[in-house]
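Open the model in your viewer and colour it by chain. The stops below can be selected one after another.

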Amino acid sequence: MAKKIPQINASSMADISFLLLIFFLVTTSMDVNQGLARRLPAPVPPDQKVDDTEINKRNLLVVKINSLNQLMVQGQEMDVKQLKEEAKKFIANTDDLANYPKLYEEDFGAPFGVIRYTKEHVISVQNDVDTQYQAYLNVQNELVAAYNELRDECARKYFHVGFNELDEEWQKKIQKIYPQKISEAEPKNYGGN
Amino acid sequence: MPALNTSSLPDIIFMLLFFFMSVTSMKEVSYKVQFQNPQATELTKLEKKSLVRYIYVGTPTSEFRKQYGAETRIQLDDAFADKSEIGDYIVNERSAMKEQDQGLMIVSIKADKETRMGVISDIKQELRNAYALKISYAATQRTSY
């Protein structure tokens with residue numbers, strides 16, 4: 001006759017797991033880490049002079065933010081909500097306008113064929129020392145959004161799917177057609193008070 | 001009255017526990033500065049935790065107000081830091097990483113949305129000089145204007 005094994009008392013199991021649960025609730029946080037990814041330019045060697053006159057004027061879109069978080073694009077006041085459209089017009093320059101960047105023709109191979117694109121455009125963001133971080137980030141966000149939308153439109157035109165669903169190889173091609181060139185000037189004081 | 005059968009209670013609690021363990025993340029440090037993330041729409045997730053280092057920027061929390069004042073301060077790891085310490089911090093953290101990961105380091109700037117850009121620009125210059133060029137401005141998803 002087998003000896004009866006006594007049951008382990010498991011009534012405290014609930015308490016133990018409650019403790020664990022509360023510990024995790026306290027030490028963890030719900031928020032996911034996400035952010036606006038950017039790349040900084042490499043530092044300028046100290047013996048090299050900062051030279052910002054070499055870019056042709058038509059290839060340059062200057063976005064200035066003053067200490068009151070007001071926006072000036074190409075010398076004109078603008079609301080941040082219009083910035084994306086303006087940036088898209090500038091980057092694509094579909095109508096080959098003289099005051100927008102110069103277009104270059106290049107064969108990207110199938111399925112793109114020969115594409116005219118603005119190889120040398122640069123968007124320059126300049127801010128004041130007193131600019132609010134949120135205002136600065138709004139501008140950065142709109143500019144990144146302009147690139148993302150253009151890339152997405154390109155992907156839909158040639159592949160009929162969104163940019164994010166494409167293979168890496170094609171994404172790289174499209175990134176070459178719309179290269180992200182947001183330059184951040186060396187910090188200066190613009191005043192504006 | 002018969003006793004309520006609670007033998008499945010641990011299982012339920014364990015399920016809850018696992019749910020919370022999978023959806024949350026460990027706090028990196030205890031904050032000495034308070035900040036409210038700015039909002040943006042074009043966000044990317046920081047996938048690999050081990051590659052990310054954080055710089056917190058904000059006003060000291062109420063317990064540190066007396067000692068440090070209400071001016072914007074920078075926090076690295078667990079302590080307040082001066083902007084000149086950022087370079088050393090980055091170099092130290094990078095050399096502690098695995099060699100193949102060193103080029104992939106991302107610095108996440110968690111700054112309060114009211115911060116003045118002067119402070120952020122200083123940090124960016126320090127990061128540039130330390131060759132920490134991949135950065136991420138921590139932000140929350142904006143739902144509307």
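Predicted model: local features only at pLDDT ≥ 70, side-chain atom pairs only at ≥ 80, totals over all residues.

**Chain A, overall**

Chain A contains 4 helices and 9 strands. Of its 193 residues, 23% count as buried. Among chain A contacts between residues at least 6 apart in sequence, 62% join residues at least 24 apart.

**The open sheet of chain A**

Next, select strands β5, β4, β3, β8 and β9 of chain A. Named in that order, these 5 strands form an open sheet with mixed pairing. Its edges are β5 (76-78) and β9 (182-184) of chain A, each of which pairs on one side only. From one strand to the next, the twist averages 30 degrees.

Within this sheet, zoom in on β3 (residues 60-65) and β4 (residues 71-73) of chain A. The two run antiparallel and are joined by 3 bridges. Show side chains for I65(A) and L71(A): I65(A) stands opposite L71(A), which belongs to β4(A). Both residues come back at the last stop, where they are among those touched by V139(A).

**A hairpin in chain A**

Strands β6 (residues 104-107) and β7 (residues 114-117) pair in the antiparallel sense over 4 bridges. D107(A) faces V114(A) of β7(A) across the pair. Between the strands of this hairpin lie 6 residues, and G109(A) takes a positive phi near 80 degrees.

**Where chain A meets chain B**

Show both chains. How many residues does each chain bring to the contact? Chain B brings 46 residues and chain A brings 41 residues. On the chain B side, the elements that give two or more residues are α1 (9-23), β1 (25-26), β4 (44-45), β8 (106-111), α4 (117-129) and β9 (134-138). Of these, α4(B) gives the most, with 9 residues. Sorted by class, the chain B side has 24 nonpolar, 12 polar and 10 charged residues.

Select β2 (residues 34-39) of chain A, which pairs with strands of chain B. With β4(B), β2(A) pairs in the antiparallel sense over 2 bridges; here Q34(A) has K45(B) as its bridge partner. With β9(B), β2(A) also pairs in the antiparallel sense, over 5 bridges. In that pairing, S136(B) is the bridge partner of A37(A).

Stay on β9(B). This strand is mostly covered, with 4 of its 5 residues buried. It also pairs with β8(B), in the parallel sense over 3 bridges, and I135(B) of β9(B) has V107(B) opposite.

**The nonpolar core**

For the last stop, select A87(A), V139(A), I55(B), V57(B) and I109(B). These have the most contacts inside the largest nonpolar core, which has 50 residues. Helix α3 (residues 133-159) of chain A gives the most to this core, with 11 residues. In soluble globular proteins, nonpolar side chains tend to be buried together.

Which residues does V139(A) touch, not counting residues up to four places away in sequence? They are V63(A), I65(A), L71(A), V80(A), L83(A) and V125(A).

Notes: Residues numbered from 1 in each chain as written. Chains lettered and ligands numbered in written order. Contact = placed C-beta atoms within 7 Å. Nonpolar A, V, L, I, M, F, W, Y, C, P; charged D, E, K, R; others polar. Pairing = 2+ DSSP bridges. Core = buried A, V, L, I, M, F, W, Y, C linked by C-beta atoms within 7 Å. Buried ≥ 20, exposed ≤ 12 C-beta atoms within 10 Å, placed from the backbone. Axes fitted to C-alpha atoms, helices over the stretch in contact; angles between N-to-C directions.
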